[in-house]
Structure formats: structure tokens, C-alpha cells
Amino acid sequence: MKKKFKLEDLDCANCAAKMEDAIKKIPGVNDASVSFMTQKMSIDAEDAKFDEIMKEVAAVCAKVEPDCKILL
């Protein structure tokens, strides 16, 4: 399943790159991209575990950029 999300308060391109790298390491994630310029994130992950994976994605994003919010 591939889904796109809007991001709010992502402050820098470096943080976006760190988030993208960390998300790609989560088990079950096939691909991910985080764009600082468009403030968007796309996640391609296993359908059956998508909700669990998104919880991990939110935790990873909070570690890298605590003020960043993922909007559904």
C-alpha cells in the first residue's frame, strides 16, 4: 500500500533526509520519500501492517524533528 501525507513544521532538508533514511529501515517499509520542499511524505509499506508501521514512522519523525506533524 502506498500513501501520501502532508507534513507540517518540517524545518530543514537535512531533517527530511534523516527521516527518510530512518523510515526506510523500519521492517515492512518497501520505500519512503520525505520532501522538505513540498512538505510531503510518501510511504510504501505492507498492507497488513500499515497501521503499526505508521506508528513507528510517527515515532521516528518525532525523534528527528519533534515539532513536525504528520497530517492524514
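Helices (H or I, at least four residues) and strands (E, at least two) are DSSP runs, numbered from the N terminus. This is a predicted model, in which local features need pLDDT of at least 70, side-chain atom pairs count only at pLDDT 80 or more, and totals for chains, interfaces and linings use all residues. Residues are numbered from 1 along each chain as its sequence is written, and side-chain values use heavy atoms, leaving out hydrogens and water.

**Overall shape**
- Along its principal axes, the C-alpha trace spans about 30 × 20 × 15 Å.
- Of the 72 residues, 36% are buried (under 20% relative accessible area, 1.4 Å probe, protein chains only).

**Contacts and charges**
- Contact means heavy atoms within 4.5 Å; among contacts between residues at least 6 apart in sequence, 62% join residues at least 24 apart.
- The chain carries 12 positive and 14 negative charges, and their mean positions are 2 Å apart. Lys and Arg count as positive, Asp and Glu as negative, while His and the chain ends are not counted; each charge is placed at NZ of Lys, CZ of Arg, CG of Asp or CD of Glu.

**A closer look at glutamate 65**
- Glutamate 65 sits in the loop between α2 (50-64) and β4 (69-71).
- Glutamate 65 is buried but has no salt bridge (a side-chain nitrogen of Lys or Arg within 4 Å of a carboxyl oxygen of Asp or Glu).
- The nearest side chain of opposite charge to glutamate 65 is lysine 18, 9.1 Å away.
- Leaving aside residues up to four places away in sequence, glutamate 65 touches Asp9, Leu10, Asp11, Cys15 and Met19.

Terms used: Buried < 20%, exposed > 50% of the residue type's maximum accessible area, 1.4 Å probe, protein only.
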